[in-house]
Amino acid sequence: MNKEMKETLDKVAVYEEWAKRKALKAGNLAFASMFMIGVVAIIIQMLLTVDIRFVLGETISVLAGGILYAAIMVYNGIWDKCLPKRATIWRDFLTSVICAGIFSVIYGVCLLKMGATETQITRLTLEFLIGITIVAFIVLRILAFINRKKNQKSANDQDEKETLLSKMEYIKIYNAQNIVETEQIMEMLKQNGIVAFSQESGANVAMHGAPGFGIYGVDIFVKTDDAEKAAGVIKEINNQENE
């Protein structure tokens, strides 16, 4: 019964995790779409007006939304989608260069409309490109670092949980020949503070070579931590009967 219950709980946990990730993926996709639409709208307005004041409100909203989006991704441990470290570094660098390049072109167009010379546009755009690339890359690496730390903590917590559950599992300690022997052993285990339960042995139980075990009878289970102590109690009972 314990094995079947554990398997059922494991299946439920897997399904809940799958449902959570599916909902999160859909939410992230919707939010990312809205975020990109907002960025494109700001870029178009900037190219038409060349004045940040006209898009200041939209810019603040998009930045706040982007920060919130990144926070949700990191919180749920899916920022880097469990990619290898080298792959994430290369991806972050490429993303930084592409994004910085797009905004550098926009910046250059704005400078041109504002009447800047060709030399000024080249110098300022290049400085802008390098600066934004460095800042974006640092931000992405910080997010990846936080994400990996969170995943490591979750993995450690899961290991501790599994260790605790394994310690709480019951193992078969004895096979009693009849109900009378079973009740006697159960009573002695209870008196020694050992939690135990009995279960009728099935016909498909393998034969044990140790004394006191057989194909049929009643199996007695105790917690893993109490196995050694329970074996000592049963040994004392057998010695008393032999005397």
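Select tryptophan 90 and phenylalanine 93 in helix H3 (residues 85–113): they are three residues apart, so about one helical turn separates them. Helices here are DSSP runs of H or I with at least four residues, strands are runs of E with at least two, and both are numbered from the N terminus. This is a predicted model, where local features need pLDDT of at least 70, side-chain atom pairs count only at pLDDT 80 or more, and totals for chains, interfaces and linings use all residues. Residues are numbered from 1 along each chain as its sequence is written, and side-chain values use heavy atoms, with hydrogens and water left out.

Colour the two residues by accessibility. Tryptophan 90 is exposed at 55% relative accessibility, while phenylalanine 93 is partly exposed at 39%. Buried means under 20% relative accessible area, exposed over 50%, and partly exposed in between (1.4 Å probe, protein chains only).

Trp90, Phe93 and Phe137 form one aromatic cluster. Rings of Phe, Tyr and Trp (its six-membered ring) pair if their centres lie within 6.5 Å; planes under 30 degrees apart count as stacked, over 60 as edge-to-face and the rest as tilted. The count by this rule is four aromatic pairs.

For one of these pairs, go to phenylalanine 31 and tyrosine 69. Their ring centres are 5.8 Å apart and the planes lie at 5°, so this pair is stacked. Phenylalanine 31 sits in helix H1 (residues 2–49) and tyrosine 69 in helix H2 (residues 56–75), so the pair ties together parts 38 residues apart in sequence. Phenylalanine 31 is partly exposed at 28%, and tyrosine 69 is partly exposed at 22%. Compare the pair of tryptophan 90 and phenylalanine 93, which is tilted: 6.2 Å centre to centre, 35° between the planes.

Next, pick serine 96, also in helix H3. Is serine 96 buried or exposed? Serine 96 is buried, at 1% relative accessibility. Its side chain reaches the backbone nitrogen of phenylalanine 137 at 3.1 Å. Leaving out residues up to four places away in sequence, serine 96 touches Thr133, Ala136, Phe137 and Leu140; contact means heavy atoms within 4.5 Å.

Step to aspartate 92. Which side chains meet aspartate 92 in a salt bridge? One is arginine 91, at 3.1 Å from N to O. Another is arginine 141, at 2.7 Å from N to O. The latter pair links distant parts of the chain: aspartate 92 is in helix H3 and arginine 141 in helix H4 (residues 118–168), 49 residues apart. A salt bridge is a side-chain nitrogen of Lys or Arg within 4 Å of a carboxyl oxygen of Asp or Glu. Arg91, Asp92 and Arg141 are linked in a network of salt bridges. Aspartate 92 is buried at 1%, arginine 141 is buried at 18%, and arginine 91 is partly exposed at 26%.

Stay in helix H4 for glutamate 127 and arginine 123: they are four residues apart, so about one helical turn separates them. Their side chains meet in a salt bridge of 3.8 Å, N to O. Glutamate 127 is partly exposed at 46%, as is arginine 123 at 44%.

Finally, zoom out. The protein has six helices and three strands, running α-α-α-α-β-α-β-β-α from the N terminus on. Buried residues make up 24% of its 243 residues.

Key. A polar contact is a pair of N or O atoms within 3.5 Å; within protein, one must be able to donate a hydrogen and the other to accept it, and residues adjacent in sequence count only if both atoms are side-chain atoms.
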